[in-house]
Every structure is written in C-alpha cells, then in structure tokens.
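Q: I have a model open and would like to talk it through. Could we start with the terms and then go over the structure?

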Amino acid sequence: MKYFVRQAAFAVGVGILVAATSFGAAAQNPAEIAQRQELMKANGGAMRVLTPMVRGEAPWNAQAAGQAAASARDAATKAKALFPAGTGPDKGQTAALPAIWERKAEFDAIFDRQIAAASNLVTLAAANNEAGFKAGFAALGQSCGACHTPFRRPAN
Ligand code: HEC
C-alpha cells in the first residue's frame with residue numbers, strides 16, 4: 001500500500017514538473033511564428049519583383065520571373081507546415097487569426113492555390129511565355145489576398 005502511495009506521489013510530482021516545463025515553453029514565441037513570417041517576407045519579395053514586370057513597368061526577364069515564382073511556390077509549400085495548433089495569438093506574437101485553426105482545411109486549400117498558381121508561373125517562365133505568365137500572374141496575387149482577408153489580423 002505504502003508503495004502505491006509513493007508511486008502516486010511520484011506521478012503527481014512528474015505531472016507538476018511537465019506542466020511547469022510546458023508553461024515555460026509557452027512563455028516564449030513558438031519557433032514556427034518567426035519561420036513562417038520569414039517565408040511570408042519572401043512572398044512579399046517575389047511580388048515586388050513580379051508586379052512591376054507584369055505591369056510593364058520593368059522589362060520582362062524570364063529568368064528573374066521564374067526565380068521569383070519558384071520562391072513563392074517554395075514559401076507556400078514550407079509555410080503550410082508552420083501553422084500547427086498552439087501557434088495562434090494566444091500563444092505568441094503573431095498576426096495569424098484564430099479562424100485558421102477553426103477552418104484549417106479552408107486555410108490549407110488557399111496555400112494549395114498559391115502553390116498551383118506559382119508552379120504554373122514557373123513553367124511559363126521556363127518556356128519564356130511572357131503573355132502566358134502575365135495572364136497567369138493574377139491567380140498568384142489573388143491567393144495572397146484570399147488568405148490575408150479572413151485569416152490575418154490587419155495591420156493597425
Ligand atoms: C493560406 C494563407 C496565406 C497565403 C496564401 C499567403 N499568406 Fe501571407 N500571411 C498569412 C498569415 C496567417 C500571416 C501572418 C503570419 C504570422 O504573423 O504568424 C501572413 C503574413 C504575411 C506578411 C507579413 C510578414 C511579416 O510578419 O513581416 C507578408 C509580407 C505576406 N504575408 C505576404 C504574402 C504574399 C505576397 C502572399 C502571396 C504571394 C501571401 N502572403 C500568401 C497567410 C497567408
């Protein structure tokens with residue numbers, strides 16, 4: 001009997017230790033937040049290369065266009081895996097809204113749209129298809145807004 005009591009006390013002790021450890025971790029920003037924010041900055045960088053080119057404000061450059069499209073494709077592929085449960089605004093400094101974890105399938109599907117649109121642009125750039133690239137660019141831009149409007153806290 002004494003043995004079981006001691007075991008139980010031990011289990012409670014371990015429980016408190018585990019709780020204390022995870023509380024300590026929660027006090028820090030989850031690493032995924034900084035990682036996904038970096039990838040989103042890469043998205044922004046890709047758009048800064050592509051937008052003037054598509055508008056004809058910068059000369060068409062198939063190689064630069066292909067690189068930027070590939071960067072947007074890879075950023076979306078990686079970022080999609082960086083929104084695990086427990087990385088919302090209650091757990092860290094993030095503009096991600098709680099709606100992401102309420103409607104995760106919808107959120108992930110918009111990443112898939114970005115990946116598909118960007119992959120299509122990579123193919124068009126490799127074929128030096130300027131007209132096709134410019135026509136396909138809108139789908140990439142729309143994927144950003146389609147996600148930010150419902151799922152990202154607007155900047156104040
Ligand atoms: C499926 C959703 C989704 C898609 C698609 C998406 N974003 Fe985001 N974006 C977010 C979320 C959520 C945040 C906030 C991340 C955070 O703070 O943790 C964000 C943040 C950003 C930021 C701010 C990064 C920072 O913290 O400095 C930029 C810039 C950005 N996105 C650009 C883009 C561009 C450009 C595209 C399209 C090429 C794009 N995003 C596509 C969801 C998305």
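This is a predicted model: local features need pLDDT of at least 70, side-chain atom pairs count only at pLDDT 80 or more; totals for chains, interfaces and linings use all residues.

Q: Then Asn128: buried, partly exposed or exposed?
A: Asn128 has a relative accessible area of 49%. Exposed would require over 50% and buried under 20%, so Asn128 counts as partly exposed.

Q: Where is Asn128 found?
A: Asn128 belongs to the loop between α5 and α6. Its backbone deserves a look too: phi of Asn128 is positive, about 50 degrees, although the residue is not a glycine.

Q: Stepping back, how many helices and strands are there in the protein?
A: The protein has six helices and zero strands. Read from the N terminus, the order of elements is α-α-α-α-α-α.

Q: And what percentage of the residues is buried?
A: Of the 156 residues in the protein, 31% are buried.

Q: Which residues of the largest nonpolar core touch the most other members?
A: They are Leu50, Leu121, Phe133, Phe137 and Leu140, within a core of 19 residues. Two or more residues of this core come from each of α2, α3 (62-79), α5 and α6. Helix α5 provides the largest share, with six residues. As a general remark, nonpolar side chains tend to be buried together in soluble globular proteins.

Q: Now the ligand. Which residues are closest to it?
A: The closest are Met40, Thr94, Cys144, Cys147 and His148, and 22 residues surround the ligand in total. The ligand takes up the space of the largest pocket.

Q: Which helices supply at least two residues of that shell?
A: Those are α2 (31-55), α5 (104-126) and α6 (130-151). The most comes from α2, which gives seven residues to the shell.

Q: How do the shell residues divide by type?
A: There are 12 nonpolar, seven polar and three charged residues around the ligand.

Q: What about oxygen atoms of the ligand: how far is one from the side chain of Arg36?
A: An N or O atom in the Arg36 side chain lies 2.8 Å from a ligand oxygen. For Gln37, a polar side-chain atom is likewise placed 2.8 Å from an oxygen atom of the ligand. In the case of Thr94, the distance between a ligand oxygen and an N or O atom of the side chain is 2.5 Å.

Q: Let us stay with Thr94. Where is Thr94 found?
A: Thr94 is part of the loop between α3 and α4 (99-102). Its relative accessibility is 7%, and the limit for buried is under 20%, so Thr94 counts as buried.

Q: Which side chain does the Thr94 side chain contact?
A: The side chain of Thr94 forms a polar contact with that of Arg36, at 2.9 Å. Arg36 also has a side-chain N or O atom 2.8 Å from an oxygen of the ligand.

Q: One more residue. Is Asn43 buried or exposed?
A: Asn43 is at 10% relative accessibility and therefore counts as buried. Asn43 has its place in helix α2.

Q: What is its polar side chain in contact with?
A: The Asn43 side chain makes a polar contact of 2.9 Å with the side chain of Gln114.

Key: Residues are numbered from 1 along each chain as its sequence is written. Side-chain values use heavy atoms; hydrogens and water are left out. A residue is near a molecule or strand if one of its heavy atoms lies within 4 Å of it. A polar contact is a pair of N or O atoms within 3.5 Å; within protein, one must be able to donate a hydrogen and the other to accept it, and residues adjacent in sequence count only if both atoms are side-chain atoms. On a 1 Å grid over the protein atoms alone, a cavity is a set of points where a 1.4 Å probe fits but cannot get out, and a pocket is an open set with protein on both sides within 12 Å along at least five of seven lines; lining residues have an atom within 4 Å of a point. A molecule sits in a cavity or pocket if more than half of its atoms lie within 2 Å of its grid points. Helices (H or I, at least four residues) and strands (E, at least two) are DSSP runs, numbered from the N terminus. Ala, Val, Leu, Ile, Met, Phe, Trp, Tyr, Cys and Pro count as nonpolar, Asp, Glu, Lys and Arg as charged, and the others, Gly among them, as polar. A nonpolar core is a set of buried Ala, Val, Leu, Ile, Met, Phe, Trp, Tyr and Cys residues joined through side-chain atoms within 4.5 Å. Buried means under 20% relative accessible area, exposed over 50%, partly exposed in between (1.4 Å probe, protein chains only).
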